Amino acid sequence: MPTASEYDRLINNKWKDAQLPEPTEKQAISGAKALWRKATGRAFKGKVEIVKRKNQYTWFKRGTYGQDMVVNPCRYSHGHIEQGWQEIVHSIAHMAHHEQRPSERPHSDHQLNLEAMLTSYALSDKFKKFTS
Ligand SMILES: [Zn+2]
């Protein structure tokens, strides 16, 4: 299991430094699709919809497990998950990790590596078209 300091070094500190603004709905949808493609190497086949309920995080849409996705561009900070892009990236890392390694626990070393890779991607110039 990764340690909290690894999460800080590879992920949390990068988000803190970047201070990205909250995504618009359009940015959140197109950015989530790009993140999924980066994480899995494939396009996301299902629908991607916005949710705004305070406590709903980015995840597969209820009742369509593994098919459609809901994205929350402004979920409030809760526990280890920050809001905005960081929440979207963290949740998509969970989703892709679950699909790729269904028998492995969440927050494993593999998931940390995946989330660190997605974090660098989301903060790269390539991703700027979704964030500015
Ligand atoms: Zn988590």
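The legends below describe views of a predicted model.

Residues are numbered from 1 along each chain as its sequence is written. Local features require pLDDT of at least 70 and side-chain atom pairs count only at pLDDT 80 or more, whereas totals for chains, interfaces and linings use all residues.

**View 1. Secondary structure of the protein chain.** The protein chain holds 5 helices and 3 strands, assigned as DSSP runs numbered from the N terminus (helices H or I, at least four residues; strands E, at least two). From the N terminus on, their order is α-α-β-β-β-α-α-α.

**View 2. Packing of helix 1 against helix 4.** Helix 1 (residues 4-18) packs on helix 4 (residues 109-122) at an angle of about 25°, with the axes 10 Å apart. Axes are lines fitted to C-alpha atoms, for helices over the stretch in contact, and angles run from 0 to 180 degrees between N-to-C directions. The two helices, helix 1 and helix 4, are therefore roughly parallel to each other (angles under 35 degrees).

**View 3. Residues between helix 1 and helix 4.** From helix 1, Glu6, Tyr7, Leu10, Ile11, Lys14 and Trp15 meet Leu112, Glu115, Ala116 and Thr119 of helix 4; contact requires C-beta atoms, placed from the backbone, within 7 Å. By class, this contact of helix 1 with helix 4 has 6 nonpolar, 1 polar and 3 charged residues (nonpolar: Ala, Val, Leu, Ile, Met, Phe, Trp, Tyr, Cys and Pro; charged: Asp, Glu, Lys and Arg; polar: the others, Gly among them).

**View 4. Extent of the protein chain.** Taken along the principal axes, the C-alpha atoms of the protein chain fill a box of roughly 35 × 35 × 30 Å.

Notes
Angles under 35 degrees count as roughly parallel, over 145 as roughly antiparallel, 65 to 115 as roughly perpendicular and the rest as oblique. Two residues are in contact if their C-beta atoms, placed from the backbone, lie within 7 Å.
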